[in-house]
Amino acid sequence: MAHSQVAYLIPLKADLKEDESSPRITLSEGPNIIGRGNVSIADKRLSRKHITIIVSTSGSVSLSVEGTNPVVIRSSGDGERKKLKPCEKVLVSNDDLIELIPGHHFFKLVLLSTESRGSHETPAKKARKGEAQGVNDDDVEAIRRFVPPDEKLPSTFRLLSVNGLPDWANTSCVSINDVIEGDVVAAILSNYMVDIDWLMSACPKLANIPQVMVIHGEGDGRQEYIQRKKPANWSLHKPRLPISFGTHHSKAIFLVYPRGVRVVVHTANLIHVDWNNKSQGLWMQDFPWKDDDKDSPKGCGFEGDLIDYLNVLKWPEFTASLPGRGNMKINAAFFKKFDYSNATVRLIASVPGYHTGLNLNKWGHMKLRTILQEYIFDREFRRSPLVYQFSSLGSLDEKWLAEFRDSLSSGLTEDKTPLGPGDPLIIWPTVEDVRCSLEGYAAGNAIPSPLKNVEKPFLIKYWAKWKANHSARCRAMPHIKTFTRYSDQKLAWFLLTSSNLSKAAWGALQKNNSQLMIRSYELGVLFLPSPTKAQGCKFPCTENNTSVVKAKQETKDEVEKRSKLVTMSWQGDRDSPEIISLPIPYQLPPTPYSPEDVPWSWDRGGYTKKDVYGQVWPR
């Protein structure tokens, strides 16, 4: 099986201009078989195995003819055309043209730069080359550089700190005490699992907050235990689950301060292992009160998303005393009192139900589709690949995967051309990843997918490895959930969410696509390129930081610029105002599984090779 993307075959029209209606063909290291299934026009002269292109680790490329008809290679150097007969082989170069049938089915070979596919040069040598794009696989400490300035913090997200890693691996990472800080007067903690004993010991600040509401998804036994152990000023609420097999899975924190509100969306359960031993992500932004003396700003997309979601939760309202404002009822409508106009993300939520009419596009993957399909993206993201990364796999079928891909492939270029479908890969830990992890096989408890879901034959082509050298998190198993569309180290968009890959979380279309059925509550934040004038403003709620960091004044030429989303491994000018670096913990492009790799499933059994603690699985 191929290991990493190293080249493209770009389809051309007869005039040798790119044929944008046909998909590019991705080439990986090793042999790549190209044939009838790779062209958009049926042609019986093409064999199913028409040619084989072998790309070596050194970058050399050879082409051999496997079918019964000749192939023509046109050199990019001197334009010479060379006809290859069946069984003949030749070396080909970057920008050479390939005619799969002489005079028909034109493709151009485009090799990715060394930086784009990784090389054996040192980081210093690569940096001296000054390439503005590409991945640096050998820069295993890329997270050292992820130190965004204060004004850019709301525009990115942070990884959670992991115990047992070197200090540099936790650069700019956060703990629960970095989130719940300052003079909080009311808090809403939304989660699935809540270990109240750990929570109170890990974050003693919670004991001093006058009013705390915990919205959870625990079962009856755990709920009774929390009820007995909780402080008197805490309230519990489990949202209604109208459809069987659903859960309240959303992970968020809402902190009310005298100066405003902090909104936090993250991926960790409120338990020890999630905040200490796993790869997790967190986004947060503070928002000020609306000014009652001025015209209130018009509602924005973020505010609408937030209020719609909070309204569905229907927690019992409670009263909080706010300095200078008196007693106020804390319900969904209360959150309309804050100014979200500088929000740097959109919310993508799921709520259980059968959603029709106007609500069809309000939740789940249809909400994501609705936002993306009206958004303008750079042309380089046309037909670019997708990544699905999560920690629990539902019972899927190929029809639903196509439906889901349609949503994530939405979007337009500046000429209103659809981006077109992207080929997805699923980043998922192997058995060896779990065995060698910081927790050993115990980490598999938080990757709870049964064998019947993991070993469906149609999933084989999607599996990709959890490789995280640049973030030092190869051994910190992922509980983070992310979905993205990328080109090299640039991102069209990025979603940090509680949603795993399941119909329960994202919803499934029914009744001729007129109804979306969702079982669970989920919440995520969508990062999109936005005008740079919307970036770079940080309002702090915390008492010990009362200044407002404003964006620098932009020139007229800069006003129309849009931010660009990149990974930590992007080799460009991170100080540029339009660059927003996101700490993606895994390697892009992903590395597909080798034939020896086995995807983790927690009920497979028979893992007799001992883990780092000398244990086997099941114990």
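Modeller: R619 is exposed, with a relative accessible area of 62%; here exposed means over 50%, buried means under 20%, and partly exposed lies in between, for a 1.4 Å probe and protein chains only. The model is a predicted one, in which local features need pLDDT of at least 70 and side-chain atom pairs count only at pLDDT 80 or more, whereas totals for chains, interfaces and linings use all residues. Residues are numbered from 1 along each chain as its sequence is written, and side-chain values use heavy atoms, with hydrogens and water left out.

R619 belongs to the segment after β31 (579–582). Helices and strands are DSSP runs numbered from the N terminus, a helix being H or I over at least four residues and a strand being E over at least two. Apart from its neighbours within four places in sequence, R619 is in contact with A442 and D611, where contact means heavy atoms within 4.5 Å. A442 is 177 residues away from R619 along the chain, yet their C-alpha atoms are separated by 9.3 Å.

H249 sits in the loop between β14 (234–237) and β15 (252–256) and is buried, with a relative accessible area of 10%. Leaving out residues up to four places away in sequence, H249 touches Y192, K481, S498, N500, Y521 and E522. H479 is placed in the loop between β24 (463–464) and β25 (481–487), and at 7% relative accessibility H479 also counts as buried. With the same exclusion, the residues that H479 touches include K251, D274, S391 and A446.

Next come the charged pairs. Side chains of opposite charge can pair when their charged atoms come close. A salt bridge is a side-chain nitrogen of Lys or Arg within 4 Å of a carboxyl oxygen of Asp or Glu, and the whole structure has 22 of them. One of these pairs is D197 with K229, at 3.4 Å from N to O. D197 is in helix α4 (residues 196–202) and K229 in helix α5 (residues 220–229), so that distant parts of the chain, 32 residues apart, are linked. D197 is partly exposed at 34%, and K229 is partly exposed at 44%.

Another salt bridge joins E380 and K490, whose closest N and O atoms are 3.6 Å apart. E380 lies in the loop between α8 and β22 (386–389) and K490 in strand β26 (residues 490–497), so this pair ties together parts that are 110 residues apart in sequence. E380 is partly exposed, with a relative accessible area of 32%, whereas K490 is buried at 16%.

Finally, the interior may be considered. In soluble globular proteins, nonpolar side chains tend to be buried together. A nonpolar core is a set of buried Ala, Val, Leu, Ile, Met, Phe, Trp, Tyr and Cys residues joined through side-chain atoms within 4.5 Å. The largest such core has 121 residues, and W283, F335, W493 and L501 have the most contacts inside it. Beyond four places in sequence, F335 touches I188, F254, V261, I307, L310, W315, I330 and Y340. A second, separate core of 31 residues includes C203, I253, A268 and F539. Helix α8 (residues 364–372) is mostly covered, with nine of its nine residues buried; among them are H365, K367 and R369.
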